[in-house]
Amino acid sequence: MSFFSTRGGSCVTASQAILRGLAQDGGLYVPAMFPSVSLQQIAELSQMPYSRRAQEILKLYLEDFSSSEISQAVSAAYGEDRFDDPAIAPLKPLDESTWVLELFHGPTLAFKDMALQLLPHLTVASARKNGEKREVSILVATSGDTGKAALEGFRDVPGTSCTVFYPQDGVSDVQRLQMVTTGGSNTHVIAVKGNFDDAQTGVKELFGSEAFAADMDRRGKVLSSANSINFGRLVPQVVYYFSAYADLVARGAVVCGDPVNFCVPTGNFGNILAAYYAHQMGLPVGKLICASNRNNVLTDFFTSGTYSTHRVFFKTMSPSMDILVSSNLERLLFEAADRDGALVKAWMKTLKECGSYSVGDQRREWLESLFWAGCADDHATLEEISLRFRQDHYLMDTHTAVASSVLRQYRLAAGDHTPCVVVSTASPYKFSRDVLTGIAGPERSASLDAFSCSEELEQLSGVPMPAQVRGLRNLPVRHRAECEVGEMGEAVLHAFDS
Ligand SMILES: *Cc1c(COP(=O)(O)O)cnc(C)c1O
């Protein structure tokens, strides 16, 4: 399988796409074609554990990897007790026609672990395959969740290191504690005296700097990225859509071949794009429901055909979906454009220069045949948390609640009662304060610190607090470095040299 850029250029192998991250022309790598999976094969998946399902799906894309490379990577990621549920991505019933796919059982309690536990092993194999002898050094700028998931994924993986920059005053206490207490001999965490944009701009500049690349090379290191546009993060996500469907078949909830809808809380469009890939490969999908919070740029895009960043940015209680530019949407645009890279390039150019682009009515209708989009604000999010807890005895986090609320809207609007899987992207304990507010009201959470909110939530809900949350209080702080916005390069080199 070869990979092309969404903007028309290059033809590389899977391992090269993973090592490079972004194509040279600024586009995203997409597979030359979608491999197909038959209903017979899906029925067979239903008899397999998660790691076998992962191997079967991954090998279709990672053609230049040997089967032992894939199976080693998969067992390192999903074996060895890294996830606190043996099913890895368990499917739980919510009501008669709704299930929850829980993607938060990994070390950092958010769905990014599904991909970031596997990516480091794919990266190491890719480096070996392409004769890369230097250490692969990952640089990440984070507004919270990605940084910790990357640190946990790359921690102590030989031949790699992981350096994370976070805005000094821009992450929650729990998020900061999660990062600065990370173990491992190859992890570095640095507070930037600025906001998230400063950190992200700084990292982008380092990726573009020849002088910095030379400094790294002298130390036997080469830069690489772990962000969500890397194909190596997308492909592990395709697996759990097949896995969820296979579980429904195994339970007799659907007959193999019947359509199932998926409702996905969306930010950068990586998670729901993986569902689209699964559909293209033959998974029987009815509708893909794209759920946004008050930052509803995608809802507007799917309803109007125009993507516009001329809007106010809101901070919400589902922060991992607070976004103006959804980078992975470019991969869907490529399909909407009938794989015409020049057209995608033109749209991206207008987006950069004018802050918006339009795909036209015909392409919008094509998108509408598979996608439905809706949004839920913080008020609706809290109501949904409360309703699902009282009616269905299910405790969901704020991101999952956005999806669940949007599914309610969809069913009302479309009258479609096809079985639906709501994709759950974070543990309720990652957002204890807001979840507690949802089930017990604002008076209950207002006077408590973050840890006490978690304890209260456990008492009220009976859902056990994950060990990672309980342990955070007592872990020693291991990372204290900080730097000015203009000195991020020096800070990285200093971390390596000391
Ligand atoms: C990253 C994240 C999302 C958004 O996922 P995308 O793939 O960027 O659309 C949703 N929920 C949580 C908890 C996340 O961490």
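A residue counts as buried when its relative accessible area is under 20%. Gly27 has a relative accessible area of 0%, so Gly27 is buried. This residue belongs to a predicted model. Gly27 is found in the loop between helix 1 (14-20) and strand 3 (29-31). Its C-alpha atom and that of Val260 are separated by 31 Å, and the two residues are 233 residues apart along the chain.

## Loop residues with positive phi

Most residues other than glycine have a negative phi. Ile88 is not a glycine, yet its phi is positive, at about 65 degrees. Ile88 sits in the loop that runs between helix 4 (67-78) and strand 4 (91-95). With a relative accessible area of 6%, Ile88 is buried.

Leu109 is also not a glycine, and its phi is positive at about 65 degrees. The loop that holds Leu109 lies between strand 5 (98-102) and helix 5 (112-116). Leu109 is buried, at 2% relative accessibility.

A further positive phi, near 50 degrees, belongs to Asp338, which follows helix 14.

## Helix 14

How many of the eight residues of helix 14 are buried? Eight of the eight are, so helix 14 (residues 329-336) is largely enclosed by the rest of the structure. Among the buried residues of helix 14 are Leu329, Leu332, Leu333 and Phe334, together with Glu330, Arg331 and Glu335.

## Aromatic rings

The structure contains 19 aromatic pairs. In one of them, the ring centres of Phe302 and Phe371 are 5.1 Å apart and the ring planes are at 25 degrees. Planes under 30 degrees apart count as stacked, so this pair is stacked. Phe302 lies in helix 13 (residues 297-304) and Phe371 lies in strand 14 (residues 371-375), so the pair ties together parts that are 69 residues apart in sequence. Phe302 is buried, at 5% relative accessible area, and Phe371 is buried too, at 3%.

Both rings belong to a cluster linked by ring pairs, which also includes Phe34, Phe269, Tyr276, Tyr277, Phe301, Tyr307, Trp347 and Tyr357.

The charged end of Lys221 sits over the ring of Phe496, 4.2 Å from the ring centre. In a second case, the charged end of Arg294 sits over the ring of Phe314, at 3.5 Å from the centre of that ring.

## Surroundings of the ligand

The ligand is surrounded by 15 residues, and the closest are Lys112, Gly267, Asn268, Asn271 and Thr425. The shell around the ligand is made up of five nonpolar, eight polar and two charged residues.

Which backbone atoms lie 2.8 Å, 2.7 Å and 3.0 Å from an oxygen atom of the ligand? The table gives the residues that supply them.

| Residue | Protein atom | Distance to an oxygen atom of the ligand |
|---|---|---|
| Gly267 | backbone N or O | 2.8 Å |
| Asn268 | backbone N or O | 2.7 Å |
| Phe269 | polar backbone atom | 3.0 Å |

On its own the ligand has 380 Å² of accessible area, and the protein covers 96% of this. Phe269, which has a polar backbone atom 3.0 Å from an oxygen atom of the ligand, is also one of the residues of the aromatic cluster.

Key: Residues are numbered from 1 along each chain as its sequence is written. This is a predicted model: local features need pLDDT of at least 70, side-chain atom pairs count only at pLDDT 80 or more; totals for chains, interfaces and linings use all residues. Side-chain values use heavy atoms; hydrogens and water are left out. Rings of Phe, Tyr and Trp (its six-membered ring) pair if their centres lie within 6.5 Å; planes under 30 degrees apart count as stacked, over 60 as edge-to-face and the rest as tilted. Helices (H or I, at least four residues) and strands (E, at least two) are DSSP runs, numbered from the N terminus. Buried means under 20% relative accessible area, exposed over 50%, partly exposed in between (1.4 Å probe, protein chains only). A charge sits over a ring if NZ of Lys or CZ of Arg is within 6 Å of the ring centre and within 35 degrees of the ring normal. A residue is near a molecule or strand if one of its heavy atoms lies within 4 Å of it. A polar contact is a pair of N or O atoms within 3.5 Å; within protein, one must be able to donate a hydrogen and the other to accept it, and residues adjacent in sequence count only if both atoms are side-chain atoms. Accessible areas come from the Shrake-Rupley method with a 1.4 Å probe; for residues, only the protein chains shown count as cover. Ala, Val, Leu, Ile, Met, Phe, Trp, Tyr, Cys and Pro count as nonpolar, Asp, Glu, Lys and Arg as charged, and the others, Gly among them, as polar.
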